[in-house]
Structure formats: C-alpha cells, structure tokens
Amino acid sequence: MPKDVEIQPPKRYPKMFEECRARGHQWHHFPGLVDHPTYYTVKGTMSECVGCGAEVTRWMLSTGRPFGSPTMKYPVGYLLSRKDPQTPELPTRNDWRRSYIHSLGFREDAPKKKGNGRASSRNAVA
Ligand SMILES: [Zn+2]
C-alpha cells in the first residue's frame, strides 16, 4: 500500500496541477458515447484535460437529463489526502490561485506607486 501523498505548498507540485487548480481544467471532448458500467439506459460523454490529463465521464439519460455524479480520474499525485494527521493543512483553492498568480508576477509585495504608510505633503488634499 503506497504511503499517502505528501502535502506540500502548491509551488512544489507540477506546474500543470497548479494551473488546473487555479484556473480550472481545459476539457477536450471526445466524440461518441460510452456505456455505463451498471445501467444500459445511461450513457456517458468523455472529456480529458489537455493540461493535467484528468478525465471526466458525464452520465446522462436519453432525455439529456444528467445521471448521478460524473466519474473523475485524476493523474497520480493530483489528489491530496487529509487522512494522515501528521501532514500539514491542505492548500486551499485560494493558496493555489495565489501561487499561480505569483508565478505570473502578481505579488502583494510588488512596489506600489504611492503610499508607504507615511503622510506625504505632496499628495495632501487641501
Ligand atoms: Zn487539468
């Protein structure tokens, strides 16, 4: 039995995982239908993320009505586990987005155009 995936900050994961978690998956839709493993009246459409390789099968009835939950398959290392009490807290969605936008150069510690907490007579309003 493999050990639970070690939890690390978002930047330690593959870039494509970070991008998908921050911006969502980029689905490529496959043509055709797949059979449901249990119900012959249910068919699925399959899509694959071109970023991380995740797969989703969305199940539906012939009426077009969705059936149950989509079946998801994620690449190894994508899913994180809370099972191990020794692991630090899992990154939140915000953590993923923050890490991603920082990688794009948007940081809260970026120099500001004005305002350093001190009063400035030049910017004072009369
Ligand atoms: Zn993805």
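A crossing of two helices is called left-handed if the near helix is turned anticlockwise from the far one by less than a right angle. In this predicted model, helix H1 passes helix H2 in such a left-handed crossing.

**Overall architecture**

The protein contains two helices and five strands, arranged along the sequence in the pattern α-β-β-β-β-β-α. Of its 126 residues, 7% count as buried. Among contacts between residues at least 6 apart in sequence, 43% join residues at least 24 apart.

**The contact of H1 with H2**

The axes of H1 (residues 15-23) and H2 (residues 93-103) come within 8 Å and cross at roughly 120 degrees. The residues that make the contact are listed below by helix.

| Helix | Residues in the contact |
|---|---|
| H1 | Glu 18, Glu 19, Arg 21, Ala 22 |
| H2 | Arg 93, Trp 96, Arg 97, Ser 99, Tyr 100 |

**The buried side of H1**

Within H1, the buried residues are Phe 17, Glu 18, Cys 20 and Arg 21. These residues lie on the same side of H1 because they cover an arc of only 165 degrees around the axis. An α-helix has 3.6 residues a turn, so residues three or four places apart point the same way. The cover over the buried residues of H1 includes strand E3 (42-49) and H2. Glu 18 and Arg 21 are buried, and both also take part in the contact with H2. Just after H1, Gly 24 adopts a positive phi of about 95 degrees.

Note on methods. Residues numbered from 1 in each chain as written. Predicted model: local features only at pLDDT ≥ 70, side-chain atom pairs only at ≥ 80, totals over all residues. Axes fitted to C-alpha atoms, helices over the stretch in contact; angles between N-to-C directions. Helix = DSSP H or I, 4+ residues; strand = E, 2+ residues; numbered from the N terminus. Contact = placed C-beta atoms within 7 Å. Buried ≥ 20, exposed ≤ 12 C-beta atoms within 10 Å, placed from the backbone. Arc of directions from axis to C-beta.
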